[in-house]
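Subject: Handover of a two-chain model

Hello,

I am passing this structure on to you. Please look it over first; my notes follow.

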Amino acid sequence: MTEQEVVALINSSLAEEFELDLEDMDADADIFDDFGLDSLDIVDMVIVLESAFKFKIREERAIRKIRKLGEIYTFVLGKLNEAEQAS
Amino acid sequence: MRYDYAVIGGGISGMTAALLLAKHGRRTVLIEQAPRLAPLVRGFQRDGVNFDTGFHYAGGLAPGESLHLFLRYLGLLDPLQIKAFDPVGFDRFQFADGMSFALPLGDDAIIARLARLFPTERVAIATYLQRLAAAAGTFPYINLDRDFTAQPTLDYVHGPSLQEVLDELFIAPRLKEIFAAHCVLHGAPPSDIPFALHACFVGPYYRSAHGFVGGGAALVAAFETALRAAGVEILTGRAVERILGDSNGVCGVRLVDGEEVTVAAVIATVHPASLVDLVADKFFRPIFNKRMKQLENTTSALIFYVACETAPEWLLRSNLLMVDAAPGGMGTGPDDGLLFIAGAERSADPSRCGGMVVISPCAAQLTARWQESRFGGRPADYRYFKDELSRKLLRRLQLFAECGAIRSVALATPLTLRDYCNNPGGGLYGVKHRVGQYNPQPVTRVPNLLLAGQAVAGPGLFGTMLSAFLCCGTVLGHEQLREELKQCS
């Protein structure tokens, strides 16, 4: 998966499951202020990402620090890199 | 009439939540669709025997322990007569190969008893019991001194599972089977249940085991008295059809008879899959609705109620676990797998045993053929199937010869659990707690819609009461509730 494909999959999955506008999916967007998510939505965000990328997210503390959509890109790309190096 | 809170569901979690709120001055209405509160825990009486359907025994009921403290705090203890299970064998195990032994209460006694059977694993047994206590101690309502924010709330979802801990510590498969057999108390096999949750909900049974004289019915009666004294309005025989409001907040509930009750907040204790059907489309996000609908349920079960001519009296102070090659510690149906057997009191003399409640875990698929049928309207071939199941279970019970003549009184199937307990999926306990599954939390994104019930915290009397504390603590203040609990201890 290229970086663009990963970003596109994150955007489309979150847009669908959280009823967001694809056009607003910008790396600088604040997931709380701009998308209206709250801390309770984090669990569902984890589930969306887990099912889109078929990995398990155990890094609850890291996930809870995320504020910008771009940080989700970085987090997911990091996980995919880790998995690639491990295999 | 306007209330501060409507609590939907009059089971243990709903009754506990309503009591907690009323105790703190909130005007509360408790709504239950069955004709009386807590039909599951109340049990039923037939042929001169009191059969418990929802409550059989509990850990944590010794003075100073968590469940005892919850009951004392809510003023439920005084009318209840707590009876201790047999300290030298609260659970008796009988294996298909003829091995049998009694599991005593208390870490030291358990270590001594099991080390006689598995001498090379003495240290591992002690380590296992220590780990159970340590894991349970990380939960803030179990350990009242524990910092609430010390641990990520969903840490346990990542495991390890009970099976991983058993495999790490023990060599003898039989020893693993013994500890895994208690998975029947939460309905998740050892490979699924997070060890930390097993520690919370099963661990206390290794220290103390108690029942109530009069069983679940006595517990419900104590709740009813306390609810009335606290001024909780109780509506029974009234089902909620809709939670009113939108994603910004709820404003009331509509009952199936059309009446609308205006409330400032709602606590729902229903199965999470049913919650989604009670609200309008845009209440929750699509992913939340999907998650609630897709939550995996616990194992289902056949629950067989039998009256006995000469039931052994020890069954009122010990359970019998017949373990027959149950792969993964959970049963597979009437032919093999685990049977959990509890005694049933005679109605006229609760000190005497008049029958047995036999729980045989099985898959909900066992009765899938009749899933379109509803309670009260099952076809004839379903009844034939049930008769055949009863015969099989009776045959297995004959192996346990102390009972004299046994007569079948009733048999609950996965469909009974689904329809009678409002439990889509027919799970013995409802939603499963398992590694990798995110169950709902007490708070939702709708600010005044809260959740309690076994799916939120855990099964059994302790799990459901705990869910109400976790839920109500979010509005009453966890530190205040914990302080009040401490003062009561």
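How many helices and strands does chain A have? Chain A has 4 helices and 0 strands. Helices here are DSSP runs of H or I with at least four residues, strands are E runs of at least two, and both are numbered from the N terminus.

Some ground rules. This is a predicted model: local features need pLDDT of at least 70, side-chain atom pairs count only at pLDDT 80 or more, and totals for chains, interfaces and linings use all residues. Residues are numbered from 1 along each chain as its sequence is written, while chains are lettered from A and ligands numbered from 1 in the order in which they are written.

Confidence. The complex gets an ipTM of 0.87 and a pTM of 0.95 from the predictor. For chain B the average pLDDT (the predictor's confidence in each residue, from 0 to 100) is 93, and 97% of the residues score at least 70.

Chain A. Along the sequence its pattern reads α-α-α-α. Its radius of gyration is 12 Å, close to the 12 Å that the globule rule gives for 87 residues, so chain A is as compact as a globular protein of that length. The radius is taken over C-alpha atoms, and the rule is 2.2 Å times the number of residues to the power 0.38. The C-alpha atoms fill a box of roughly 35 × 25 × 20 Å along the principal axes.

Interface. 14 residues of chain A are in contact with 14 residues of chain B. Contact means C-beta atoms, placed from the backbone, within 7 Å. On the chain A side, helix H2 (41–53) and helix H3 (60–65) each supply at least two residues. The largest share, 5 residues, comes from H2(A). That side of chain A divides into 5 nonpolar, no polar and 9 charged residues. Nonpolar covers Ala, Val, Leu, Ile, Met, Phe, Trp, Tyr, Cys and Pro; charged covers Asp, Glu, Lys and Arg; the others, Gly among them, are polar.

Chain B sheet. 7 strands of chain B form an open sheet in the order E7-E6-E14-E15-E16-E13-E17, with mixed pairing. Strands pair if DSSP finds at least two bridges between them. Strand E7 (100–103) and strand E17 (406–412) of chain B are the edges, each pairing on one side only. Within chain B, strand E15 (residues 339–345) and strand E16 (residues 353–362) pair in the antiparallel sense over 6 bridges. B:Gly343 stands opposite B:Met356 in E16(B).

Best wishes

How values were computed: Contact = placed C-beta atoms within 7 Å.
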